[in-house]
Amino acid sequence: MSASPAEKSATLTEPLEPIVGQSLNDTARVLPQNEDAFVAEFCNSTVVESADGTGEAKKAIVAPAITEQSIAHRFSKAAVKYDSIACIQRNIAEQGLANLPKALQGDALDIGCGTGIHTQEILKKGAVATGVDIAEGMLAQARKKYSDPIFVEGSAVDLPFSENMFSTVFSSMALQWVSDTNLVASEIARVLKQGGIAELAIMVSGSFDELKTARKVAQLSQAETHLPTTAQWVSGFKQSGLRLQRVITKDYVDTHQDIMSLLHSVKGVGAGETGRKQPPLSRRDIKKLAMAYSNISGVESKLPLTYRVSHFRLEKR
């Protein structure tokens, strides 16, 4: 489990529009590097908000090595214990929910609903809530806990719903696993009603950089999960016809007391899928990794792990 929080400085810059709650318009506001960064503690984790993005992308990310079957299996396996250990994931989802309007009307869809905890919160906002997930184990937990939302098995790249069905689409920490960003964007656009909104929290490239660096320093093979960049998602949304109202990227930094706690935190919530079979770490490897991690973190017994998440607000016109 997490230990005490560690601060992380903001390093990215990108045009931002006002945060939800203020007026939204088409004019982007450019923030100088490191301006308006803030740090807040949640559940023994640290959030660093910054502007994000460096450059543009014209193509979608297509990563067929990670199959939906492997993702579904991994998350189904984690389902029973997921809510008790997914602290930072819960913080990210809560931020996404806070970005939604206080009151919702009509039908709302939660893509990658997991155990349904956030689908239930969407229902409390006044919407008729439906959750969709590829992991049957997650859906089984959701149906045990909540009777009012509808829970459906399905894929984000082929949503099992008709066109123009939802006034609101929500997703948190699920879409980073998809194989095609453009296809996901077009599916969200298809199921949204005219004038509908989507609020999406997506883990992006730049996540887990400390672990990647530590493995390199320890001369261990990389076990990298390929994640699209913020710019690549923006490109996909624009190609789908969705209007990008706002994008804010935050570094959510989880800290751990030791390397095994850190590794278990990733595996325990199903986030360790790479699409390739990885050789197990020996005791010697783990010692080398722990030493390398401590050296790069600079703080003894506080090993940081960064989840870089972009919060998108989209509208269908």
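With which side chain does the side chain of E199 make a polar contact of 3.0 Å, besides that of R246? The partner is the side chain of R313, at 3.0 Å. The model is predicted.

**E199 in strand β9**
- E199 is part of strand β9.
- Its relative accessibility is 1%, so E199 counts as buried, the cut-off being under 20%.
- The side chain of E199 is joined to that of R246 by a polar contact of 3.0 Å.
- A polar contact of 3.0 Å also links the side chains of E199 and R313.

**Helix α5**
- Helix α5 covers residues 181-191, and its buried residues are T181, V184, A185, E187, I188, A189 and V191.
- These buried residues pack against the strands β5 (107-111), β8 (166-172) and β9 (192-203), and against helix α7 (230-240).
- At the N-terminal end, α5 is capped by D180, which has a side-chain oxygen 3.0 Å from the backbone nitrogen of N182.

**Helices α6 and α9**
- Helix α6 (residues 209-217) packs with helix α9 (residues 283-297) at an angle of about 120 degrees, and the axes are 8 Å apart.
- The two helices, α6 and α9, are therefore oblique to each other.
- Their crossing is right-handed.
- On the α6 side the contact involves E210, L211, T213, A214, R215 and V217, which meet L289, A292, Y293 and I296 of α9.
- By class, the residues of this contact are 7 nonpolar, 1 polar and 2 charged.

Terms used:
Residues numbered from 1 in each chain as written. Predicted model: local features only at pLDDT ≥ 70, side-chain atom pairs only at ≥ 80, totals over all residues. Heavy atoms only, no water. Buried < 20%, exposed > 50% of the residue type's maximum accessible area, 1.4 Å probe, protein only. Helix = DSSP H or I, 4+ residues; strand = E, 2+ residues; numbered from the N terminus. Contact = heavy atoms within 4.5 Å. Polar contact = N/O pair within 3.5 Å; in protein donor to acceptor, adjacent residues only side chain to side chain. Axes fitted to C-alpha atoms, helices over the stretch in contact; angles between N-to-C directions. Parallel < 35°, antiparallel > 145°, perpendicular 65-115°, else oblique. Left-handed = near helix turned anticlockwise from the far one by under 90°. Nonpolar A, V, L, I, M, F, W, Y, C, P; charged D, E, K, R; others polar.
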